[in-house]
Protein chains: 2
Amino acid sequence: MEANANHLPNGEAAAAVLDSPTNPMVTPLLTDLYQYTMAYAYWKGGKHNDRAVFDLYFRRNPFGGEYTIFAGLEECIKFIANFKMNEGEISFIRQSLSGSCEDGFFDYLRELDCSEVEAYAIPEGSVVFPKVPLMRIEGPVAVVQLLETPLLNLVNFASLVATNAARHRFVAGKSKMLLEFGLRRAQGPDGAITASKYCYIGGFDATRMASCLTAMLLLDGYLVSPFAEHIPMLLSAHLWLSPDEIIEKSLKSADGSTICEDFVSLVQTWLNKIKAVQWSKSSNGDTNHSELTAFTSYALAFPDNFLALVDTYDVMRSGIPNFCAVALALNDLGYKAGGIRLDSGDLAYLSSEARKFFQSIEKEFCIPGFGKTNITASNDLNEETLDALNKQGHEVDSYGIGTYLVTCYSQAALGCVFKLVEINGEPRIKLSEDVSKVSIPCKKRSYRLYGKEGYPLVDIMTRENEPIPKVGERILCRHPFNESKRAFVVPQKVDDLLKCYWPGTSGKPRVELPSLNETRERCINQLEQMRPDHMRRLNPTPYKVSVSAKLYDFIHFLWLNEAPVGELQ
Amino acid sequence: MEANANHLPNGEAAAAVLDSPTNPMVTPLLTDLYQYTMAYAYWKGGKHNDRAVFDLYFRRNPFGGEYTIFAGLEECIKFIANFKMNEGEISFIRQSLSGSCEDGFFDYLRELDCSEVEAYAIPEGSVVFPKVPLMRIEGPVAVVQLLETPLLNLVNFASLVATNAARHRFVAGKSKMLLEFGLRRAQGPDGAITASKYCYIGGFDATRMASCLTAMLLLDGYLVSPFAEHIPMLLSAHLWLSPDEIIEKSLKSADGSTICEDFVSLVQTWLNKIKAVQWSKSSNGDTNHSELTAFTSYALAFPDNFLALVDTYDVMRSGIPNFCAVALALNDLGYKAGGIRLDSGDLAYLSSEARKFFQSIEKEFCIPGFGKTNITASNDLNEETLDALNKQGHEVDSYGIGTYLVTCYSQAALGCVFKLVEINGEPRIKLSEDVSKVSIPCKKRSYRLYGKEGYPLVDIMTRENEPIPKVGERILCRHPFNESKRAFVVPQKVDDLLKCYWPGTSGKPRVELPSLNETRERCINQLEQMRPDHMRRLNPTPYKVSVSAKLYDFIHFLWLNEAPVGELQ
């Protein structure tokens, strides 16, 4: 359940109304041990309450693309809101740290929470870009340091898999139904549940995981509505059914008005009719009998949701005619069959042949709409195979995508980092010989500037105290590290990117966490808003990320100040 | 806690003593919804208690290698032992399935458990090969079907990441310490915790995850001992400390006999000595002052575990001399410094230079053992970079490996499958136009046959009722699908691979689940036992997997019987 209280006057009240993270394993101990040794060193040196500002950001878009979907925020905020160690956890930390740690430190940990922390973030589901902070966390350095690893863990995979889902949606096109099939291959149970949720945000329609059952229970009914369209799939039940084994053969019609006493015979009658027509490929031989029995028995169990996996024996000579026989028998009783699934072979060819077959049935037997029977394809699908299907032409309505989606097979990790940008009001820069790893110092604000055609043009970071860019006013946008790259922009619209999701006890207004569906809509809308050349699969144009002239100057002042002057020998 | 009762007389007693799965999300709902629709169709058709035998196996070794480590078994057995739906879950399934499902089905689910199920498996931590069943699950078809997805989920990633860890260990060599660093990049919280555990099984020494803290708590003290060697790492604390900020400067000696009143000055004295010697690279200039302050303050907090990240400014001109100054000051007080970590740059070169520096310090100041100060390397390490380091020569003692290890970046999924091989005593085969996807039918037994030199030679599957291969007796081993590939083997040792870990109420003796450390030892021993050419990174020799002559004949009889005769048009 979401917190209903918007703009709460203080953080303590806010803490009370936010649920814990979905995964019970997400506790203050889900961190690297060195964060606790650091916290001890801060505490021992009397520096633990020094006020720090950290930015969470990534350096490179995944999957060779030029955009990323930011996800995982809700779990981060719930984690922050509920950050508190219990006695068991504290004694555990005591055990794990060196024996020389003073008792006072554990008293300090006992009282520790995030009431002094403020968390700002770009809304979850937003399209985001390298270097621009996804989150800005301010607070006492020791506690913010303890947040580093869990926040990275919660954002990295969530954003990666949401981006992967969005990329699959982009290739599949808007009209197709996308089903997440990844539970069995996911990186652990939580990998699967996490993937399901964030694939939905990224634009998928449903999961076949019953355990979105699990997720639903855990999320307190949260996922019920978005995942209502679970698609039950028929396992190739031929494995264990033999013909003539069906005992209860009667089936009530959809409106309850009549009962068909022998549905099995009705199916057989339809199969004979299908085999009798000239265009039917099965007319040359028998369809597989145990497959037919399996389909029939499944239809008796689920007459209003009959879906068949048709590639167990031979799609065109057995699976499709058998499916049609059952579907037509169901049609006699007022039921509409759910469709077929193809899980092997040439999906472009087979889906087209199946479509023709359905259309011929529609025509031959005057069954309006039968030609549009749903065709689902699965079998190790990914961006490339979807693209290849599009190029060949196909008749698939829905895709079931598993391994490549949920494990982010083509790039299994996103490299978000968490860097200090200010301490006690003083800006800090993290240097590196690799320019791409130099951090952008200062507590910053970020804006997205839109051009005349409505597309986002550029993200710009400024220092905290700079004036907000104004619509219609020219502003210089500079590449943070390349002095020759700069451009004037006259924004037609300005979005202030960072919102306050956790004010602690600062009294600042808090933005409420949106519902899952609101986040999904944000994601879909933002993706649609992007200029198409940023989105294409091949050679996409990089979106521009910039800093204000003032911030540019400050970065380079600090850089020169800090960087050692080398000595060639 | 492990079950202590070995060879329990019946399964119900056994069910009572096994803990639930580690992850509370692993429930009967962690499955694909279609498993429940299937179960309903079975139940509706009166077939739910048909006795089925399923094999769980994979078809191809991951990472381009020729071996796999089987892991995840313990969680599977705990899941089976505790398989039971509560009312909330049942009403959830009712909600998710079609409204037409009969009430009796939910009464059936309410009573459902795995007391009629038997689970056989190869011991966890074993080296395993394609096609040979890792697990064989027997029982009423409906319940076994409900186990499919969770068992696959629990085995797939666990085995993948254990194998990945074993491969990293193989390249790193036995003498190096391997640390798992992956929490922040893992696929979710559970991905991280799962990875930590199975990396340990695969031969890693420790994790830096405090939340092995978490894992430890969850595992009821289970991981305390194996992960006792958490290695605390120093964050580059220069970020927030400025010189002269250290207030408490006194440090007690290790034996408690004396107090150094100004440890900061002692460090400075040592730094001056180091700078004074001719070979010191720092003699040309100053080391970074805030780095020195950070090191000093960290040493004051953890004098018995001083570890420093030395690449923040300049490894050789600042980090190493600063580290040595602090380490030598600690040495004066009877403490031994923990070592350094390199997280960037040319690790081969820098580790060698650091080693030389340490050795020179040892010699110059007569500090025995100082030359052996521990050097840890990290920074996006993987099999390839470890191999490259080996080729260049280096002085690294420990590796911290993160992203590539825990996300299994080079292959993010293992493709285990779960296939029916027998129903009501009748063998079943799953056909496919792709021979590699044809299943090996029959309830089977599997053996590992060893040759004269002690190496495993071949795994052989037989039908259930065939005699066990005998040491010293010639046996024909056939490739399951290639008629020309066969060989006689005279085994010097025979291992019966499948053990009964869950007898249900069958009364069969049950093998106890080993401890985590026993599993890890099994893994390490089995890896050492393998013939080296199966293990090498480049072009490894495939290990042979075979079937008995009798099983071979039966497979091909069944295949010909089932496969449709095509018709070319």
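Q: Where is A:Cys366 placed in chain A?
A: A:Cys366 sits in the loop between α12 (347-365) and β12 (375-377) of chain A, where helices (H or I, at least four residues) and strands (E, at least two) are DSSP runs, numbered from the N terminus. Please keep in mind that this is a predicted model, in which local features need pLDDT of at least 70, side-chain atom pairs count only at pLDDT 80 or more, and totals for chains, interfaces and linings use all residues. Residues are numbered from 1 along each chain as its sequence is written, and chains are lettered from A and ligands numbered from 1 in the order in which they are written.

Q: Buried or exposed, that A:Cys366?
A: A:Cys366 counts as exposed, because it has 8 C-beta neighbours inside 10 Å. A residue is buried if 20 or more other C-beta atoms lie within 10 Å of its own, exposed if 12 or fewer, and partly exposed in between, with C-beta atoms placed from the backbone.

Q: And what is phi of A:Cys366 near?
A: Phi of A:Cys366 is near 50°, which is a positive value in a residue other than glycine. For background, most residues other than glycine have a negative phi.

Q: What about B:Phe63, where does that lie?
A: B:Phe63 lies in the loop between β1 (51-57) and β2 (68-69) of chain B, and its phi, near 65°, is again a positive value in a residue other than glycine. B:Phe63 counts as partly exposed because it has 18 C-beta neighbours inside 10 Å.

Q: Switching to helices: at what angle do α6 and α7 of chain A pack?
A: Helix α6 (residues 141-172) and helix α7 (residues 188-201) of chain A pack at an angle of about 50°, with their axes 7 Å apart; axes here are lines fitted to C-alpha atoms, for helices over the stretch in contact, and angles run from 0 to 180 degrees between N-to-C directions. α6(A) and α7(A) are therefore oblique to each other, given that angles under 35 degrees count as roughly parallel, over 145 as roughly antiparallel, 65 to 115 as roughly perpendicular and the rest as oblique.

Q: Which residues of α6(A) and α7(A) meet?
A: From α6(A), A:Phe157, A:Ala158, A:Val161, A:Ala162 and A:Ala165 meet A:Thr194, A:Ala195, A:Tyr198, A:Cys199 and A:Ile201 of α7(A), where contact means that the C-beta atoms of two residues, placed from the backbone, lie within 7 Å. By class, this contact of α6(A) with α7(A) has 9 nonpolar, 1 polar and no charged residues, with Ala, Val, Leu, Ile, Met, Phe, Trp, Tyr, Cys and Pro counted as nonpolar, Asp, Glu, Lys and Arg as charged, and the others, Gly among them, as polar.

Q: How about α6 and α7 in chain B, what are their numbers?
A: In chain B, the axes of helix α6 (residues 141-172) and helix α7 (residues 188-201) come within 7 Å and cross at roughly 50°, which makes α6(B) oblique to α7(B). The residues of that contact divide into 9 nonpolar, 1 polar and no charged.

Q: Next, which residues of α13 in chain A are buried?
A: In helix α13 (residues 383-392) of chain A, the buried residues are A:Glu383, A:Leu386 and A:Leu389. Seen down the axis of α13(A), they fall within an arc of 125°, so they line one face of the helix; the arc is that of the directions from the helix axis to the C-beta atoms.

Q: What covers them, and what is on the face turned away?
A: The cover over the buried residues of α13(A) includes α6, α12 and β13 (398-401) of chain A, while the face turned away from the buried side carries the exposed residues A:Glu384 and A:Lys391. Just after α13(A), A:Gly393 takes a positive phi of about 90°.

Q: In chain B, what is B:Leu389 in contact with?
A: Leaving aside neighbours within four places in sequence, B:Leu389 is in contact with B:Leu347, B:Ala348, B:His394 and B:Val396. The C-alpha atoms of B:Leu389 and B:Leu347 are separated by 7.6 Å, although these residues are 42 residues apart along the chain. B:Leu389 counts as buried, because it has 21 C-beta neighbours inside 10 Å.

Q: Last one: how do α2 of chain A and α10 of chain B pack?
A: Helix α2 (residues 33-44) of chain A and helix α10 (residues 289-301) of chain B pack at an angle of about 95°, with axes 9 Å apart, which makes α2(A) roughly perpendicular to α10(B). There, A:Tyr40, A:Ala41 and A:Lys44 meet B:Ser297, B:Tyr298, B:Leu300 and B:Ala301.
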